[in-house]
Amino acid sequence: MYFDTHAHYDNPRFNPDREALLASLPEQGIRLVLNPGADMPSSRTAVGFAEQYPHIYAAVGVHPHDSKKMRDGDIAELETLTHHEKVMAVGEIGLDYHYDFSPRNVQMRRFREQMELARHVALPAIVHMREAAEDTLATLRDFRDVQGVVHCYSGSLETAKLILDLGWYLGFTGIVTYKNARKSHEVIEYMPRERLVIETDAPYMAPVPHRGKRNDSRYLPEIAKTVGELWGISQEEAATITTENGKRLFGIK
């Protein structure tokens with residue numbers, strides 16, 4: 001059994017076949033999927049998917065790229081959405097200093113507001129961190145009573161240790177199957193097995209041998225295979241461990 005802990009099925013690239021694809025996932029071994037929001041419309045859509053499909057769960061939040069579009073009233077709506085029984089986290093939130101699609105001060109303000117929301121509703125957070133390790137870590141330290149996952153992790157081992165020391169999880173995508181993924185492999189080999197989850201971040205970053213294609217949860221076993229090889233265990237054992245980690249992180253029984 002596999003748990004894709006981060007996939008964006010609201011993305012328009014799934015418009016041609018979304019319903020058939022999502023319905024077919026359990027029979028292909030993908031028994032759980034968490035679809036995070038990236039803005040207000042996609043957060044609402046994620047809740048809709050969770051209502052429609054028993055194996056899909058949702059997170060709600062605004063990505064740093066869209067921080068500048070947030071209105072002050074959006075936090076109240078996000079809180080209302082978190083009351084849904086299948087909303088398991090606040091996310092995808094965080095900081096992205098690579099693209100800077102939103103001003104950094106705005107990103108930080110909205111990140112902290114949504115971390116405060118996660119604290120208030122007692123849900124984990126799903127954090128995006130790109131070229132913003134110092135400010136992300138400072139924020140996580142300010143909200144030590146909030147737990148969660150830094151998703152799509154590709155940073156250094158040194159930064160990973162600091163995140164793990166705060167009790168957080170790390171999520172790994174198809175990047176781990178790439179030839180130049182040395183840093184990710186180093187982190188995976190080091191980190192406690194109970195703190196690692198796997199994800200596709202669909203439709204992005206399809207793993208080898210599907211690189212360059214639209215990504216979806218059916219490719220998750222390739223990530224589990226690589227994790228298993230790094231840990232010296234079977235793909236099936238890696239799938240079981242990462243699934244149980246995801247269920248524990250997001251409170252799914």
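Predicted model: local features only at pLDDT ≥ 70, side-chain atom pairs only at ≥ 80, totals over all residues.
Which residues does His63 touch, not counting residues up to four places away in sequence?

View 1. Residues are numbered from 1 along each chain as its sequence is written, and side-chain values use heavy atoms, with hydrogens and water left out. Not counting residues up to four places away in sequence, His63 touches Ala38, Glu92 and His128, where contact means heavy atoms within 4.5 Å. His63 is placed in the loop between strand E3 (56-60) and helix H3 (74-82); helices (H or I, at least four residues) and strands (E, at least two) are DSSP runs, numbered from the N terminus. His63 counts as buried because its relative accessibility is 8% (buried means under 20% relative accessible area, exposed over 50%, and partly exposed in between, with a 1.4 Å probe and protein chains only). The side chains of His63 and His128 make a polar contact at 3.3 Å, a term for a pair of N or O atoms within 3.5 Å, of which, within protein, one must be able to donate a hydrogen and the other to accept it, and for which residues adjacent in sequence count only if both atoms are side-chain atoms.

**View 2. Two cis peptide bonds.** Most peptide bonds are trans. A cis peptide bond, with omega of about 20 degrees, joins Gly91 and Glu92, and Glu92 lies in strand E4 (residues 87-96). The bond from Val208 to Pro209 is also cis, with omega near 10 degrees, and Pro209 is found in the loop between E8 and H8.

View 3. Most residues other than glycine have a negative phi. Asp100, in the loop between E4 and helix H4 (104-121), has a positive phi near 55 degrees, and with 33% relative accessibility Asp100 counts as partly exposed. Cys152, in the loop between strand E6 (148-150) and H6, has a positive phi of about 50 degrees although it is not a glycine; Cys152 is buried, its relative accessible area being 17%.

**View 4. The packing of helix H6 against helix H7.** Helix H6 (residues 157-165) and helix H7 (residues 182-190) pack with their axes 9 Å apart and at an angle of about 40 degrees, where axes are lines fitted to C-alpha atoms, for helices over the stretch in contact, and angles run from 0 to 180 degrees between N-to-C directions. H6 is therefore oblique to H7, since angles under 35 degrees count as roughly parallel, over 145 as roughly antiparallel, 65 to 115 as roughly perpendicular and the rest as oblique. The contact is made by Leu157, Ala160, Lys161 and Leu164 of H6 together with Glu186, Val187 and Tyr190 of H7.

**View 5. Tyr219 in the loop between strand E8 (196-198) and helix H8 (220-231).** Tyr219 counts as buried at 15% relative accessibility. Not counting residues up to four places away in sequence, Tyr219 touches Ala206, Pro207, His210, Lys213 and Arg214. Tyr219 and Asp100 are 119 residues apart in sequence, and their C-alpha atoms are 30 Å apart in space.
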